[in-house]
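Have the model open as you read.

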Amino acid sequence: MRHPLVMGNWKLNGNKQMTAGLIDGLRKALSGVDGCDVAIAPPVIYLDQAKHALSGSHISLGAQNVDINLSGAFTGDISAEMLKDIGAKYIIIGHSERRTYHKESDEFITKKFAVLKEAGLIPVLCIGETESENEAGKTEEVCARQIDAVLNALGADAFKDAVIAYEPIWAIGTGKSATPAQAQAIHQFIRQHIAKKDAAIAEQVIIQYGGSVNDKNAAELFTQPDIDGALVGGASLKADAFAVIVNAAAAAKKAC
């Protein structure tokens, strides 16, 4: 049985006061939650503060990006070993904002995936289509291409203990969200696509949904059999809303 994961992506938000307050709120709101793994990914400058604030809780630390290099003359970049050293566990890669604003290719993202696996960290691989690709009926084609970049370079076994986050780009931060049925159809496609290479790996890989997930729509999304939690943006900046999402994922698992 797969264990759902709800992860908060804080993006470029926060300060020391907010980090302390939000984590304190999350610790209180989520103290009794069972059946769902939880992680947060603050901006890198607050990772150390967050790690200490999370100490003794069941909330894991994540990060929003990683470089492909382990050390050297790469000003401004952060390595997998550094993230591991500071206590991060889940690392987001391939987010549409990185693909768009930083021109990160499927091949470059695959290199990030590889360095994370080598370091013993868990990649959270974001995939998803634009609105025009969705309207052109290319959703499956785009998702398959983004997954195949990893499958072809690293093999299906690379997805063991990894996470995929399906995030339709047209739903990120827009208030729009795929219907539960639409999201389930793509999640099922993703799992079946990996199963062509290795059915056992496909069955255990966690596939989250992302894209305007909030405390209002989470419960219905999590009832779908191939949706294993969520990668949450804006709603992760509010402890009460994020707690509702986590509780919904835990409840859906118990109902299975």
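## Around Asn217

Leaving aside its neighbours within four places in sequence, which residues is Asn217 in contact with? The answer is Ser177 and Ser212, where contact means heavy atoms within 4.5 Å. Asn217 itself sits in the loop between β7 and α10 (218–222); helices (H or I, at least four residues) and strands (E, at least two) are DSSP runs, numbered from the N terminus.

At 19% relative accessibility, Asn217 counts as buried, given that buried means under 20% relative accessible area, exposed over 50% and partly exposed in between (1.4 Å probe, protein chains only). A polar atom of the Asn217 side chain also lies 2.9 Å from the backbone nitrogen of Asn214.

## Where the numbers come from

This is a predicted model, so local features need pLDDT of at least 70 and side-chain atom pairs count only at pLDDT 80 or more, while totals for chains, interfaces and linings use all residues. Residues are numbered from 1 along each chain as its sequence is written, and side-chain values use heavy atoms, with hydrogens and water left out.

## Ring pairs

Rings of Phe, Tyr and Trp (its six-membered ring) pair if their centres lie within 6.5 Å; planes under 30 degrees apart are stacked, over 60 edge-to-face, and the rest tilted. That rule gives two aromatic pairs. In one, the rings of Phe113 and Phe159 have centres 5.4 Å apart and planes at 65°, so the pair is edge-to-face. It brings together distant parts of the chain, 46 residues apart: Phe113 is in helix α5 (residues 106–119) and Phe159 in the loop between α7 (139–154) and β6 (163–166). Both Phe113 and Phe159 are buried.

Then there's Tyr166 with Tyr209: centres 6.2 Å apart, planes at 55°, so this pair is tilted. Tyr166 is buried at 2% relative accessible area, and Tyr209 is buried at 1%.

## Salt bridges

The structure holds twelve salt bridges, each a side-chain nitrogen of Lys or Arg within 4 Å of a carboxyl oxygen of Asp or Glu. Among them, Glu104 pairs with Arg98 at 3.0 Å; Glu104 is buried at 8%, whereas Arg98 is partly exposed at 24%. Asp106 and Arg99 pair at 2.7 Å, with Asp106 buried at 11% and Arg99 buried at 15%.

Lys160 and Asp161 meet at 3.3 Å, N to O. Salt bridges with shared partners also join Arg2, Arg191, Glu203, Asp226 and Asp228 into one network.

How values were computed:
A polar contact is a pair of N or O atoms within 3.5 Å; within protein, one must be able to donate a hydrogen and the other to accept it, and residues adjacent in sequence count only if both atoms are side-chain atoms.
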